[in-house]
Amino acid sequence: MSTVAAGRGGKPAKVKITREDLLGTERRWRRFGEPTPAGGSLNDDGTPDYGLFGPGSVAWEVLLHPATIVFLNAAQSVVQVKGYNPVNAGLRDRDPMSRKAREGTLTMMDVFDRLSRNSGMHAPMWLGDSKTAKLMAKHLHNIHKKVVGDVIDVARPELGGYDASEPRDAMWAALTEMHPMLRVYEAFAFRDGKLPHRLSPEQRDQFIAETGAYLRLVGAPEEDIPETMAELGALYEKYADLFEPSKTVYNMPDTGEDWFKLVMKTVVKNFHISHLRAAIPYALQTSLIELPVMGTLPAKMRKSMGLSPRMDKAAVLAAKLFLPVAWLMQQGPYERYMLRRMWGPDSIRLLESARRLHEQTLAERAMGRLFAGPAEQVTSAA
């Protein structure tokens, strides 16, 4: 448990972070009973309930790769904080980090805990059965009902407000998880005995089509749900004003203060040497790999983050130079290190189960193609 270091000279005492605090238990991520893995229950017709995606899906092929597990947090956080302005506004006004920063009580453990819950509380929706996915989605929807505000950007009142539980912002919260997931997979995942490479156009479209199940779960507007990469591109154009680069979106409407700078200042003020336990894995998931991760994103997305032409080129170059480090970071020891700290015990069990199912399904498909006749092979390929 956390302990308190005695203050000196009248200064407030600082909270120490123990290894047990850092690792946490299932309670950090679990919000109902133990999640049921995909395939761990049956549908009404007696078939296995594989949840949103299931084995053999392109979504699982992307999500289950160690590169995605390691780099997803960085990709998602950079897009949501620096790309989609309503998410930034919600964090600024309603997130516990912002509130504690205003109170002066925010610590590195709070920041680490916020990031670690980000993956671990989404995994049940991606890797659980249908009931598990719905329960977690309902919980997050209830939390997001409180994330409402009248101002996205104080300098651009024409943008209006935000509401994390409403269709538009719920949709983009999900898309800014799934699309960056695809990009880091394609940029950093060593697979098939090859260097990282893009999926085929058909596979990319299939990934987007499968993402629709997740978008429907969170309540996205049906008319906006994309089925192909081209439709996703058109959706970005439709909502381009919400991705415009802005420095004033960080300014809190009531005080004008930059909320992110306040968070950093408060964390430094309350810093104790034991906080390195949380700062190191946090930095490894965010700031230390931010530039190469940004380099994996589409050019228009990088532009929405306000990168100068020089920094834009640097990000693209950094993504290429980063490949040897990316290979090391997706190896077993490092992946296990990050899984335990950033995803949690429940997610590890869900992930292991999903990987077994996915590998079995792919092996069965390969055997089916091997023993199929020419006509059957054509049908299977279609």
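Keep in mind that the model is predicted. Helix α9 runs roughly antiparallel to α10, while α13 sits roughly perpendicular to α18. Helix α19, residues 345-371, has its end C-alpha atoms 40 Å apart.

**α9 with α10**
- Helix α9 (residues 167-188) packs against α10 (residues 201-218) at about 150°, and their axes are 10 Å apart.
- The crossing of α9 past α10 is right-handed.
- On the α9 side, the residues in contact include Ala-170, Met-171, Ala-174 and Met-178, and among their partners in α10 are Phe-207, Tyr-214 and Leu-215.
- Sorted by class, this contact has 11 nonpolar, one polar and four charged residues.

**α13 with α18**
- The axes of α13 (residues 276-285) and α18 come within 11 Å, crossing at roughly 110°, which makes the two helices roughly perpendicular.
- This crossing is left-handed.
- Ile-280, Pro-281, Leu-284 and Gln-285 of α13 meet Tyr-334, Tyr-337, Met-338, Arg-341 and Met-342 of α18.
- The contact divides into seven nonpolar residues, one polar and one charged.

**α19 and its cover**
- Buried residues in α19 include Ile-348, Leu-351, Ala-354, Leu-357, His-358 and Thr-361.
- Among the elements covering α19's buried residues are α2 (58-63), α3 (66-82), α6 (108-120), α7 (123-127) and α18 (332-343).

Terms used
Residues numbered from 1 in each chain as written. Predicted model: local features only at pLDDT ≥ 70, side-chain atom pairs only at ≥ 80, totals over all residues. Heavy atoms only, no water. Axes fitted to C-alpha atoms, helices over the stretch in contact; angles between N-to-C directions. Helix = DSSP H or I, 4+ residues; strand = E, 2+ residues; numbered from the N terminus. Parallel < 35°, antiparallel > 145°, perpendicular 65-115°, else oblique. Left-handed = near helix turned anticlockwise from the far one by under 90°. Contact = heavy atoms within 4.5 Å. Nonpolar A, V, L, I, M, F, W, Y, C, P; charged D, E, K, R; others polar. Expected span 1.5 Å × (residues − 1). Buried < 20%, exposed > 50% of the residue type's maximum accessible area, 1.4 Å probe, protein only.
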